[in-house]
Amino acid sequence: MKGAIIVAAALLVASVSSVKAFPIHGSQTVLPDGSELNEDALQKPREIFKSEAGGKSYLINLGDLAFSSPNMLGDVARRAGISCSTCHVNGASNSAFFIPGLSTRHGNLDTTGAIFNPPADDHVLNPLTIPSLRGARFLGPYGHDGRQVSLRVFVRNVMVDEFGGAEPSSAMLDAVVAYIEDIEFLPNPRVTSEGRLTGRSGAAARRGEALFVKAFPHDPALSCAACHMPAGRFVDHHQHDVGSGGAFKTPTLVNANFNAPYFHDGRFGTYDEVVRHFDRQYSLGLSAANRNDLVAYLTAIGDGEGGEEQDSIEAWLKEINDFASVLATAIPAHDNQVVSLTVDTVGAELRELTEHFPDHKDPTVTGGSAERRRARESLKEVVLSLRRIGLAGSANDFDAAMLEYSNYQRLIQNSVPDMKRAQPWSLFDAKIHELHYAALRRVSETATPAAH
Amino acid sequence: MSNCHALKKIALPWLTVLIALPIWPGGGNRLAHAEPVSSPTEQYRSYLIEQISQTLASTKRLRERAAANDVDGAKKAWIAARVGWEKAEVFISGFVSDLDEDIDAWPNALSGFHAIEARLFGANTADVAAATDQLIYHLTDLDIKIRQIPLNSQGLLNGAARLAYEVGESKADGGESRYSGTSLDDMRNNVSGIQLVYKTLFAGPLGASDPKLALSTEQTIQQLASLLSVTDAKSLEPGKVRTASEELIVALQAAAPKIGLRTPTLEDITQ
């Protein structure tokens, strides 16, 4: 094998490591007790699109919508409310995701286990990390083992074979692929387009860069950069065995600061662990200072501007408006499949948004009762407007559906000031968020049998 | 006699009752309004009294069993207490939603049904005396209120719509009754409460003014009940439940003006 170094990424970003996902509890849930989806995180990955400036197309918005719809996956995922975007949050990864029996650590998942698609169960617990899809169009072949050249075929495989979904229509599959291919890397002013450090990087990173391109002492044909090619977004599109139990494709190091844990199975939590592995595996003889320099370099090239942003009303509205915009095309086209998917998916999103304004039963929030009720009322009316669109579509009354779509647009616009007024007492406020989830944790602790 | 005349004959007394009732924003009629005992709202009140009495009696039994350190007996009493409470939620949602925080707060590890549930079912301990005493106090207050509070159709329509919306909420995280595993029972009892208020107060007048809508509303309630008749919460089809719950509210909204009421609000925005 031609030598290779998969210096698969590093360093848990502070905001990621501080995330405390609230687990699912009880014997009556579809997912095992203790599953964590991290949907409660206040910090969310930032998602930017290639086509953002020119306006996202119908196809990309439809793909984004389908990507966020549990209806695209099989029975178990649908009943658990899991969609593609549950794992790939805003097209990035999900380092806090954990399902007992399918994960060996937070951020990995065995997609060939017994839960989502029992016929595909290989009876081996071999979880893989959830990859970020930022810049995916540059990163083929697909799958950790790089088994699939076509992203389209790979996406279909995940939906149908791994998650037990129904065969998606060709148009829907095209849409999902168009969406994924539109997800852009985060900009990184510390790296040039050729993958070289800019003047913004410190001395340690520069020393690390020199080590990164330096030939290995026992095999001069090898270097870190031989596989993680700086000019090629730090990939070489090939698979290599670097002593991790098989041949896996070279992962990109672009924005990798946000992609922990590292290696195909997520065995390493930090860049330092990764560097130590390669030091051992290839007898590199790195000093502690060398390792620190390499970590500084990886951190510099793995960075991205605004990798995460605080969850906000604006972010929700942007997504909801993008999703709902497909109705402007689907209703006149009498496309009930898309109308129905939109009504269900956007309706579910709106219900979730409503729950960001705690109701009167939540004792953790004492102020803004009238404002919260008003925001909830407004959002619930939007949900019902969507349902009326769905009902009109089902009855093939597309004129009525279009009329209701206008009403929907008015209602969603009207809900904005109500939400803004209630924001200080909502889960978008860091203090309220903490109070609410601390109360949930206390209930959970109260429900824990005392240790004997 | 034509069918139309027959319908009018049946409908008129209902419409008289409904139109005579003052309409208040959010449905909270604060007037002491004497209704004939045979009126639909008073019939509904007797049902409510029965439900809350059952809940109160079961909660007292829960206290007894807990005092005897009988965890299993206390669990049974807790589950029994929930039945009447959940069936009465149409009234709670429409008239005294503030009592929800005292009785059914979520998330709360200190007081209310779910604080007791976490200890009983999660920690498997009968150490629930303080929270149970508090709960009995609030339920006693509720028991008094439901005998005295003036009821009206608008408030009960609001309550039915609000509760229907709640039934459609995802229970993928286990729902509020996650430790006892009875979130599905909560939903069933909610729908049973909606069904009863609909039949008692609204089916008659709506059938008279718009039989087609009355039939489809009845069918949607039945469909919702049918979707909940699965063996356990894991088998629920949440998307279908949500759709049915929203279709029911859309139907109730369409029905409101046809029975002399305003479109139901989904939150008590008068508070």
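Which residue takes a positive phi just after H14(A)? A:Asn396 does, with a phi of about 55 degrees.

The model is predicted: local features need pLDDT of at least 70, side-chain atom pairs count only at pLDDT 80 or more, and totals for chains, interfaces and linings use all residues. Residues are numbered from 1 along each chain as its sequence is written, and chains are lettered from A and ligands numbered from 1 in the order in which they are written.

**View 1. Helix H14 (369-394) of chain A.** Helices are DSSP runs (H or I, at least four residues), numbered from the N terminus. The 26 residues of H14(A) reach 37 Å from first C-alpha to last, close to the expected 38 Å (1.5 Å times one less than the number of residues). Of these 26 residues, 21 are buried (20 or more other C-beta atoms within 10 Å of the residue's own, C-beta atoms being placed from the backbone).

**View 2. The side of chain A that touches chain B.** Here 40 residues of chain A are in contact with 45 of chain B (C-beta atoms, placed from the backbone, within 7 Å). H14(A) gives the most to this side of chain A, with 13 residues.

**View 3. Helices H8 (residues 153-167) and H9 (residues 183-209) of chain B.** Their axes, lines fitted to C-alpha atoms over the stretch in contact, come within 10 Å and cross at roughly 150 degrees. H8(B) is therefore roughly antiparallel to H9(B) (angles over 145 degrees, between N-to-C directions that run from 0 to 180 degrees). Residues in the contact include B:Leu156 and B:Ala160 of H8(B) and B:Ile194 and B:Val197 of H9(B).

How values were computed. Contact = placed C-beta atoms within 7 Å. Helix = DSSP H or I, 4+ residues; strand = E, 2+ residues; numbered from the N terminus. Buried ≥ 20, exposed ≤ 12 C-beta atoms within 10 Å, placed from the backbone. Parallel < 35°, antiparallel > 145°, perpendicular 65-115°, else oblique.
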